[in-house]
Amino acid sequence: MTARWAILAGALVLAVAGSARAHSLLLESAPGAGAVLAASPRELSLRFNNRIEKKLSTIRLRDEHGAARAVTVLVADGPVDWLKGTVDALPAGAWRVEWRVLSTDGHVVSGSFSFRVAP
Ligand SMILES: [Cu+2]
C-alpha cells in the first residue's frame, strides 16, 4: 500500500466512525414536555438517541420566576443513554427543565421543556 492509499483509507475509516457517532437528541423524558402532574416528581429522566457523558452533563430546574431548584444528577446510575436526576418535593406551579449534555461526538447539545405540578 502506498502512502497515498494509506491516507485515503484512514480518511474513509474516520468518515464512517464519525457518522456512527452523531450528536445527541432528546427522545423522551419523564415528566414529559407539557405534562401536568398531580404530585411532584421525585426524579427527572431524559432519554437520548445515544450515549451521553453523564459527568459532563447537567440538568437545571427553574420555577416560574426563574429561580433555580437543586437537581442531583445520578452520574453512575442507569442506562448510558439516560440522564436522571433527583429533586426534593416541588411546590405546585410551572417548572422548566434545562438540560445540557456532552455527546459522544464531542458536541455539547442543550434544550429545555416545561411541565406543571397541579395537585
Ligand atoms: Cu454532534
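This is a predicted model: local features need pLDDT of at least 70, side-chain atom pairs count only at pLDDT 80 or more; totals for chains, interfaces and linings use all residues.
1. Let's start with β2 and its partner.

2. β2 and β9 belong to an open sheet of 5 strands, and its order reads β2-β9-β8-β4-β5. The pairing in this sheet is mixed. Which strands stand at the edges? They are β2 (36–37) and β5 (68–69); each has a single partner strand, so one side of each is left without a neighbour in the sheet.

3. Next, please look at β4 and β8. Strand β4 covers residues 52–62 and strand β8 covers residues 93–103; they run antiparallel, with 7 bridges joining them. A handy place to check this is Ile52, which stands opposite Ser103 in β8.

4. On to β5, at the other end of the written order. It pairs with β4 in the antiparallel sense over 2 bridges. Here Leu61 has Arg69 in β5 as its bridge partner. How many residues lie between β4 and β5 in their hairpin? There are 5, and Gly66 in the turn has a positive phi of about 90°.

5. Finally, a peptide bond to find in the model. The bond joining Ala30 and Pro31 is cis, with omega of about 0°.

Conventions
Residues are numbered from 1 along each chain as its sequence is written. Two strands pair if DSSP finds at least two bridges between them. Helices (H or I, at least four residues) and strands (E, at least two) are DSSP runs, numbered from the N terminus.
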